[in-house]
Amino acid sequence: MTDTDPLVPVLAGLVVDVVWFLDSCEDDEVDPDSAVKMMESVSWVLTRLPQDQRDRFLTGLADLAEAETEPGRREFLEAFPFACGLVEEDSGRAEA
(Lines give C-alpha, C1' and ligand atoms only; values in the text may rest on other atoms or scores of the structure.)
Protein backbone atom coordinates (compact mmCIF):
# COMPACT_ATOMS: atom_id res chain seq x y z
CA MET A 1 0.00 0.00 0.00
CA THR A 2 1.08 3.56 -0.60
CA ASP A 3 0.64 6.62 1.59
CA THR A 4 -2.30 7.66 -0.58
CA ASP A 5 -3.98 4.25 -0.48
CA PRO A 6 -7.61 4.93 0.48
CA LEU A 7 -7.75 1.62 2.33
CA VAL A 8 -5.52 2.90 5.16
CA PRO A 9 -7.95 5.48 6.63
CA VAL A 10 -10.91 3.14 6.14
CA LEU A 11 -9.23 0.32 8.07
CA ALA A 12 -7.88 2.70 10.71
CA GLY A 13 -11.38 4.07 11.23
CA LEU A 14 -12.84 0.58 11.53
CA VAL A 15 -10.24 -0.47 14.10
CA VAL A 16 -10.97 2.64 16.17
CA ASP A 17 -14.73 2.13 15.92
CA VAL A 18 -14.48 -1.49 17.08
CA VAL A 19 -12.33 -0.49 20.06
CA TRP A 20 -14.66 2.44 20.83
CA PHE A 21 -17.63 0.04 20.81
CA LEU A 22 -15.86 -2.43 23.09
CA ASP A 23 -14.78 0.37 25.41
CA SER A 24 -18.24 1.90 25.69
CA CYS A 25 -20.63 -1.05 25.50
CA GLU A 26 -22.64 -2.20 28.47
CA ASP A 27 -21.89 -5.42 30.31
CA ASP A 28 -25.03 -7.05 28.88
CA GLU A 29 -23.88 -6.29 25.32
CA VAL A 30 -20.35 -7.73 25.55
CA ASP A 31 -18.71 -9.57 28.42
CA PRO A 32 -16.29 -7.05 30.03
CA ASP A 33 -13.45 -9.58 30.24
CA SER A 34 -13.87 -10.44 26.56
CA ALA A 35 -13.94 -6.75 25.63
CA VAL A 36 -10.71 -6.08 27.52
CA LYS A 37 -9.01 -9.11 25.96
CA MET A 38 -10.00 -7.96 22.47
CA MET A 39 -8.83 -4.37 23.08
CA GLU A 40 -5.52 -5.68 24.42
CA SER A 41 -5.18 -7.88 21.36
CA VAL A 42 -5.78 -4.93 19.03
CA SER A 43 -3.17 -2.88 20.90
CA TRP A 44 -0.68 -5.75 20.81
CA VAL A 45 -1.04 -6.20 17.05
CA LEU A 46 -0.78 -2.46 16.35
CA THR A 47 2.34 -2.03 18.50
CA ARG A 48 4.05 -4.78 16.50
CA LEU A 49 3.56 -3.10 13.14
CA PRO A 50 6.80 -2.15 11.39
CA GLN A 51 7.56 1.52 12.02
CA ASP A 52 6.65 2.64 8.48
CA GLN A 53 3.24 0.94 8.73
CA ARG A 54 2.70 2.31 12.22
CA ASP A 55 3.50 5.81 10.94
CA ARG A 56 0.95 5.43 8.12
CA PHE A 57 -1.65 4.20 10.61
CA LEU A 58 -0.95 7.16 12.92
CA THR A 59 -1.15 9.59 10.00
CA GLY A 60 -4.46 8.05 9.00
CA LEU A 61 -5.77 8.47 12.56
CA ALA A 62 -4.65 12.10 12.68
CA ASP A 63 -6.34 12.79 9.34
CA LEU A 64 -9.54 11.13 10.52
CA ALA A 65 -9.51 13.13 13.76
CA GLU A 66 -8.96 16.39 11.91
CA ALA A 67 -11.89 15.70 9.59
CA GLU A 68 -14.23 14.36 12.30
CA THR A 69 -17.20 16.60 13.12
CA GLU A 70 -18.56 14.54 16.04
CA PRO A 71 -16.69 15.71 19.18
CA GLY A 72 -16.79 12.37 21.02
CA ARG A 73 -15.37 10.41 18.11
CA ARG A 74 -12.77 13.10 17.42
CA GLU A 75 -11.59 12.92 21.04
CA PHE A 76 -11.42 9.13 20.88
CA LEU A 77 -9.45 9.27 17.61
CA GLU A 78 -6.99 11.74 19.13
CA ALA A 79 -6.53 9.65 22.28
CA PHE A 80 -6.34 6.28 20.51
CA PRO A 81 -2.56 6.25 19.78
CA PHE A 82 -1.78 6.95 23.44
CA ALA A 83 -4.37 4.55 24.84
CA CYS A 84 -3.06 1.72 22.65
CA GLY A 85 0.61 2.37 23.37
CA LEU A 86 1.46 3.43 19.82
CA VAL A 87 3.18 6.58 21.08
CA GLU A 88 5.02 7.14 24.33
CA GLU A 89 3.52 10.40 25.55
CA ASP A 90 0.58 12.65 24.88
CA SER A 91 2.71 15.69 24.04
CA GLY A 92 0.42 16.96 21.28
CA ARG A 93 -2.68 17.38 23.44
CA ALA A 94 -3.51 20.06 25.97
CA GLU A 95 -3.40 19.12 29.61
CA ALA A 96 -6.66 19.32 31.56
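Contact here means heavy atoms within 4.5 Å. The structure is a predicted model, in which local features need pLDDT of at least 70, side-chain atom pairs count only at pLDDT 80 or more, and totals for chains, interfaces and linings use all residues. Residues are numbered from 1 along each chain as its sequence is written, and side-chain values use heavy atoms, with hydrogens and water left out.

The protein comprises 4 helices and 0 strands, where helices (H or I, at least four residues) and strands (E, at least two) are DSSP runs numbered from the N terminus. Of its 96 residues, 31% are buried, that is, under 20% relative accessible area with a 1.4 Å probe, counting protein chains only. Among contacts between residues at least 6 apart in sequence, 49% join residues at least 24 apart.

The helix α3 has 17 residues and reaches 24 Å from its first C-alpha to its last, close to the 24 Å expected at 1.5 Å a residue; the expected span is 1.5 Å times one less than the number of residues. Its buried residues include Phe57, Leu58, Leu61 and Leu64. The buried residues of α3 pack against α1 (7-24), α2 (32-47) and α4.

Glu68 lies in the loop between α3 (51-67) and α4 (71-83). This residue is buried, with a relative accessible area of 13%. The side chain of Glu68 makes a polar contact with the side chain of Arg73 (2.8 Å); such a contact is a pair of N or O atoms within 3.5 Å, and within protein one must be able to donate a hydrogen and the other to accept it, while residues adjacent in sequence count only if both atoms are side-chain atoms. Not counting residues up to four places away in sequence, Glu68 touches Arg73, Arg74 and Leu77.

Key
Buried < 20%, exposed > 50% of the residue type's maximum accessible area, 1.4 Å probe, protein only.
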